[in-house]
Amino acid sequence: MPGLRRDCLTYLRRRVGRADVAEDLTQETRVRLLSYRENPDIKSHTRLMYRIVQNLIIEFRRARGRRRAAQHVCLDDAGMLQAPLPPIEERALSTLRAATS
(Lines give C-alpha, C1' and ligand atoms only; values in the text may rest on other atoms or scores of the structure.)
Protein backbone atom coordinates (compact mmCIF):
# COMPACT_ATOMS: atom_id res chain seq x y z
CA MET A 1 0.00 0.00 0.00
CA PRO A 2 2.89 2.51 0.36
CA GLY A 3 3.16 2.68 -3.45
CA LEU A 4 -0.56 3.34 -3.69
CA ARG A 5 -0.26 6.19 -1.19
CA ARG A 6 2.47 7.86 -3.26
CA ASP A 7 0.48 7.39 -6.49
CA CYS A 8 -2.65 8.72 -4.82
CA LEU A 9 -0.89 11.78 -3.41
CA THR A 10 0.78 12.60 -6.74
CA TYR A 11 -2.51 12.24 -8.60
CA LEU A 12 -4.40 14.39 -6.09
CA ARG A 13 -1.78 17.13 -6.13
CA ARG A 14 -2.22 17.43 -9.88
CA ARG A 15 -6.00 17.34 -9.69
CA VAL A 16 -6.70 19.72 -6.78
CA GLY A 17 -3.62 21.93 -7.07
CA ARG A 18 -3.06 22.29 -3.33
CA ALA A 19 -0.63 20.11 -1.40
CA ASP A 20 -2.49 20.43 1.91
CA VAL A 21 -5.81 19.36 0.40
CA ALA A 22 -4.07 16.52 -1.47
CA GLU A 23 -2.63 15.26 1.84
CA ASP A 24 -6.06 15.36 3.51
CA LEU A 25 -7.77 13.62 0.62
CA THR A 26 -5.01 10.99 0.48
CA GLN A 27 -5.58 10.22 4.15
CA GLU A 28 -9.33 9.99 3.61
CA THR A 29 -8.74 7.70 0.63
CA ARG A 30 -6.65 5.37 2.82
CA VAL A 31 -9.36 5.28 5.49
CA ARG A 32 -12.04 4.43 2.94
CA LEU A 33 -9.80 1.90 1.19
CA LEU A 34 -9.12 0.10 4.48
CA SER A 35 -12.83 -0.56 4.90
CA TYR A 36 -12.61 -2.80 1.82
CA ARG A 37 -9.49 -4.76 2.80
CA GLU A 38 -11.36 -7.93 3.78
CA ASN A 39 -13.75 -7.84 0.83
CA PRO A 40 -13.00 -10.83 -1.43
CA ASP A 41 -14.89 -9.27 -4.35
CA ILE A 42 -12.26 -6.56 -4.85
CA LYS A 43 -10.12 -7.58 -7.81
CA SER A 44 -7.92 -4.49 -7.97
CA HIS A 45 -7.22 -2.25 -5.00
CA THR A 46 -5.57 0.22 -7.36
CA ARG A 47 -8.76 0.64 -9.39
CA LEU A 48 -10.77 0.92 -6.18
CA MET A 49 -8.37 3.57 -4.89
CA TYR A 50 -8.78 5.68 -8.03
CA ARG A 51 -12.58 5.38 -7.82
CA ILE A 52 -12.48 6.54 -4.20
CA VAL A 53 -10.15 9.40 -5.17
CA GLN A 54 -12.48 10.51 -7.98
CA ASN A 55 -15.43 10.52 -5.59
CA LEU A 56 -13.46 12.56 -3.04
CA ILE A 57 -12.45 15.09 -5.70
CA ILE A 58 -16.11 15.48 -6.65
CA GLU A 59 -17.05 15.95 -2.97
CA PHE A 60 -14.23 18.48 -2.50
CA ARG A 61 -15.30 20.54 -5.53
CA ARG A 62 -18.95 20.51 -4.50
CA ALA A 63 -18.04 21.66 -0.99
CA ARG A 64 -15.83 24.41 -2.43
CA GLY A 65 -18.72 25.53 -4.64
CA ARG A 66 -21.06 25.62 -1.65
CA ARG A 67 -18.56 27.72 0.31
CA ARG A 68 -18.24 30.15 -2.59
CA ALA A 69 -22.01 30.34 -3.00
CA ALA A 70 -22.36 31.10 0.71
CA GLN A 71 -19.95 34.02 0.31
CA HIS A 72 -21.88 35.41 -2.67
CA VAL A 73 -23.42 38.83 -2.15
CA CYS A 74 -26.30 39.81 -4.36
CA LEU A 75 -25.72 43.22 -5.96
CA ASP A 76 -29.21 44.28 -4.90
CA ASP A 77 -28.18 43.71 -1.28
CA ALA A 78 -24.73 45.25 -1.65
CA GLY A 79 -25.99 48.80 -2.07
CA MET A 80 -24.50 51.38 -4.36
CA LEU A 81 -21.14 50.59 -5.84
CA GLN A 82 -18.51 53.30 -5.95
CA ALA A 83 -18.01 54.73 -9.42
CA PRO A 84 -14.63 53.95 -10.96
CA LEU A 85 -12.03 56.70 -11.06
CA PRO A 86 -11.49 58.46 -14.37
CA PRO A 87 -8.33 57.59 -16.29
CA ILE A 88 -5.08 59.03 -14.92
CA GLU A 89 -4.77 61.42 -17.86
CA GLU A 90 -8.10 63.08 -17.05
CA ARG A 91 -7.18 63.41 -13.39
CA ALA A 92 -3.81 64.94 -14.31
CA LEU A 93 -5.48 67.47 -16.63
CA SER A 94 -8.00 68.40 -13.92
CA THR A 95 -5.18 68.94 -11.45
CA LEU A 96 -3.28 71.15 -13.93
CA ARG A 97 -6.38 73.19 -14.74
CA ALA A 98 -7.11 73.72 -11.07
CA ALA A 99 -3.51 74.77 -10.42
CA THR A 100 -3.46 77.30 -13.28
CA SER A 101 -6.83 78.86 -12.43
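User: Which side chain meets that of Arg32 in a salt bridge?

Analyst: This is a predicted model, in which local features need pLDDT of at least 70, side-chain atom pairs count only at pLDDT 80 or more, and totals for chains, interfaces and linings use all residues. Residues are numbered from 1 along each chain as its sequence is written, and side-chain values use heavy atoms, with hydrogens and water left out. A salt bridge is a side-chain nitrogen of Lys or Arg within 4 Å of a carboxyl oxygen of Asp or Glu. At 3.3 Å, N to O, the partner of Arg32 is Glu59.

User: How many residues apart in sequence are the parts that Arg32 and Glu59 tie together?

Analyst: Helices are DSSP runs (H or I, at least four residues), numbered from the N terminus. Arg32 lies in helix H2 and Glu59 in helix H3 (residues 45-71), so the parts they tie together are separated in sequence by 27 residues.

User: Is Thr26 buried or exposed?

Analyst: Buried means under 20% relative accessible area, exposed over 50%, and partly exposed in between (1.4 Å probe, protein chains only). Thr26 lies in helix H2. Its relative accessibility is 1%, so Thr26 counts as buried.

User: Within what arc do the buried residues of H2 fall?

Analyst: In H2, the buried residues are Val21, Ala22, Leu25, Thr26, Thr29 and Leu33. The arc is that of the directions from the helix axis to the C-beta atoms. Seen down the axis of H2, these residues line one face of the helix, because they fall within an arc of 135°.

Definitions and conventions: Helices (H or I, at least four residues) and strands (E, at least two) are DSSP runs, numbered from the N terminus.
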